[in-house]
Amino acid sequence: MADEANDAMKTPVTIVTGFLGAGKTTLVNHILRGQHGLQIAVIENEFGAVSIDDALVSENMKEKEDIISMDNGCVCCTVRGDLVRALLTLKDRKKKFDAVIIETTGLADPAPVAFTFFLNPEIAEVYRIDSILCLADAKHVAMHMEEEKPDGAVNEAVQQVAFADRILLNKIDLVSEEEILDLEKTLKSVNASADVIRTTNSVVDLKVVLGVNSFSLEKTLETDPSFLDENKENMHNLTGVSSVGIAVEGELDFAVMNEFMMNLLQANATNMYRSKGVLCFEGQGDAKFVFQGVHEQINFGPAATTWAEGEPRVNRMVFIGRNLDRKALEAGFRGCLAKTA
């Protein structure tokens with residue numbers, strides 16, 4: 001419970017990704033104008049000294065500064081350098097914020113942003129990722145995701161979908177219902193565990209994008225315990241990217257599991273976009289553990305809740321990446337079960 005209380009004290013961060021023109025800035029505008037009563041900071045994660053989109057600040061800007069006040073009490077911070085420095089700048093200001101939104105550039109791989117919250121202890125002490133939200137343009141996202149890249153290059157549109165905890169399928173007014181259904185299947189084939197929410201003009205109920213704690217796989221399992229079921233996995237394998245969900249009942253051997261995951265992630269650092277799981281270990285009583293991985297970087301520790309009395313001890317892992325070998329992953333994960341007498 002101490003970990004849960006500690007997390008509650010941290011400022012929640014929503015990372016907004018999506019390809020060029022998907023509607024990210026329109027969404028940020030929608031949030032800033034919302035009647036939520038929150039003090040929100042927005043960080044524009046751009047490459048180089050690039051000003052904030054005029055559409056975001058033209059009516060609300062008071063001064064041309066890195067940090068500016070908005071009419072509704074929000075502020076907008078343009079990152080001209082390091083994301084860590086921007087987050088620490090916000091932390092040290094007298095004005096305290098209820099939430100932070102990071103809007104990444106349309107061509108960005110979201111991994112470096114997520115890395116910040118995995119690797120920097122000073123950031124981790126103050127902030128927590130609430131969700132990774134991806135805007136997908138219903139008219140063009142399929143074309144971007146199918147684009148062939150040179151060997152070894154990342155398809156940014158696929159990477160953005162793969163990393164998301166929630167996907168806003170935007171501009172649905174521009175396509176047919178049949179096309180929408182096909183797009184939803186395509187998005188689920190890349191990321192089976194993310195909720196797909198239909199939107200027009202990036203208009204969405206703020207309750208489903210702010211304060212949702214959807215970065216936690218444990219939270220996902222609480223709301224949808226069956227999302228890892230085999231029959232929910234779409235086998236369409238777009239550009240070689242797919243999600244593999246595995247559920248294994250029993251207790252795991254910590255040393256074996258640790259070796260398996262370290263070897264797996266080191267050998268597949270480029271292709272393994274995300275890995276996340278809720279786990280039970282031998283000798284740890286009712287303690288439940290949460291595993292979060294971004295490429296080869298991992299974050300692992302006790303969950304906020306424990307295994308309830310009579311609750312099946314089912315270890316659940318999700319792997320999202322390129323050219324995944326489901327049989328090998330399942331065999332390796334099952335091989336981590338403790339050898340009971």
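**Entry 1**

I began with the side chains of Asp 286 and Arg 313, which meet in a salt bridge at 2.7 Å, N to O. I note at the outset that this is a predicted model. I then looked up where the two partners sit. Asp 286 is in the loop between β10 and β11, and Arg 313 is in the loop between β12 and β13. The pair therefore ties together parts that are 27 residues apart in sequence. Asp 286 has a relative accessible area of 45%.

**Entry 2: Glu 311 and Lys 288**

I looked up a salt bridge between Glu 311 and Lys 288 next. Their closest N and O atoms are 3.7 Å apart. Glu 311 belongs to the loop between β12 and β13, while Lys 288 belongs to strand β11. This pair ties together parts that are 23 residues apart in sequence. Is Lys 288 buried or exposed? Lys 288 counts as buried, at 9% relative accessibility. Glu 311 is partly exposed, with a relative accessible area of 29%.

I also checked Lys 288 against the aromatic rings. Lys 288 lies over the face of Trp 307, at 4.6 Å from the ring centre. So my notes on Lys 288 hold both a salt bridge with Glu 311 and a place over the Trp 307 ring, under the 6 Å limit for a charge over a ring.

**Entry 3: the other salt bridges**

How many salt bridges does the structure hold? I have eleven. Glu 330 forms a salt bridge with Arg 326, with the closest N and O atoms 3.9 Å apart. Both residues lie in helix α12, four residues apart, about one turn of the helix. Glu 330 counts as partly exposed at 24% relative accessibility. I also found a network: salt bridges that share partners join Glu 177, Glu 184 and Arg 198.

**Entry 4: the sheet**

Five strands form an open sheet, in the order β9-β13-β10-β11-β12, with antiparallel pairing. Which strands stand at the edges? They are β9 (241-249) and β12 (297-306). Each has a single partner strand, so one side of each is left without a neighbour in the sheet. From one strand to the next, the twist averages 10 degrees.

I took one pairing in detail. Strands β10 (residues 272-279) and β11 (residues 287-294) run antiparallel and are joined by six bridges. Val 278 has Val 290 of β11 as its bridge partner.

Two helices lie across strands of this sheet. Helix α5 (residues 111-119) lies across β11 and β12, at about 140 degrees to β11. Helix α12 (residues 326-334) lies across β9, β10 and β13 (314-322), at about 30 degrees to β9. Helix α12 is also the helix that holds Glu 330 and Arg 326.

**Entry 5: the aromatic rings**

I searched the whole structure for aromatic pairs and got six. Phe 289 and Phe 300 are a stacked pair, 5.6 Å centre to centre with 15 degrees between the planes. This pair links distant parts of the chain, with Phe 289 in strand β11 and Phe 300 in strand β12, eleven residues apart. Phe 289 counts as buried at 11% relative accessibility. Phe 300 is partly exposed at 31%.

Phe 300 also pairs with Phe 291, and that pair is tilted: 6.4 Å centre to centre, 55 degrees between the planes. Phe 291 is buried, at 5% relative accessibility. Which residues form the aromatic cluster? I listed Phe 254, Phe 281, Phe 289, Phe 291 and Phe 300 as one cluster.

**Entry 6: Asp 165**

At 5% relative accessibility, Asp 165 counts as buried. I set aside its neighbours within four places in sequence and listed the contacts. Asp 165 is then in contact with Ser 131, Ile 132, Ala 194, Asp 195, Ser 214, Phe 215, Arg 274 and Lys 276. I also took one C-alpha separation. Asp 165 and Cys 134 are 31 residues apart along the chain, and their C-alpha atoms are separated by 7.9 Å.

Note on methods. Residues are numbered from 1 along each chain as its sequence is written. This is a predicted model: local features need pLDDT of at least 70, side-chain atom pairs count only at pLDDT 80 or more; totals for chains, interfaces and linings use all residues. Side-chain values use heavy atoms; hydrogens and water are left out. Two strands pair if DSSP finds at least two bridges between them. Axes are lines fitted to C-alpha atoms, for helices over the stretch in contact, and angles run from 0 to 180 degrees between N-to-C directions. Contact means heavy atoms within 4.5 Å. Rings of Phe, Tyr and Trp (its six-membered ring) pair if their centres lie within 6.5 Å; planes under 30 degrees apart count as stacked, over 60 as edge-to-face and the rest as tilted. Buried means under 20% relative accessible area, exposed over 50%, partly exposed in between (1.4 Å probe, protein chains only). A charge sits over a ring if NZ of Lys or CZ of Arg is within 6 Å of the ring centre and within 35 degrees of the ring normal. A salt bridge is a side-chain nitrogen of Lys or Arg within 4 Å of a carboxyl oxygen of Asp or Glu.
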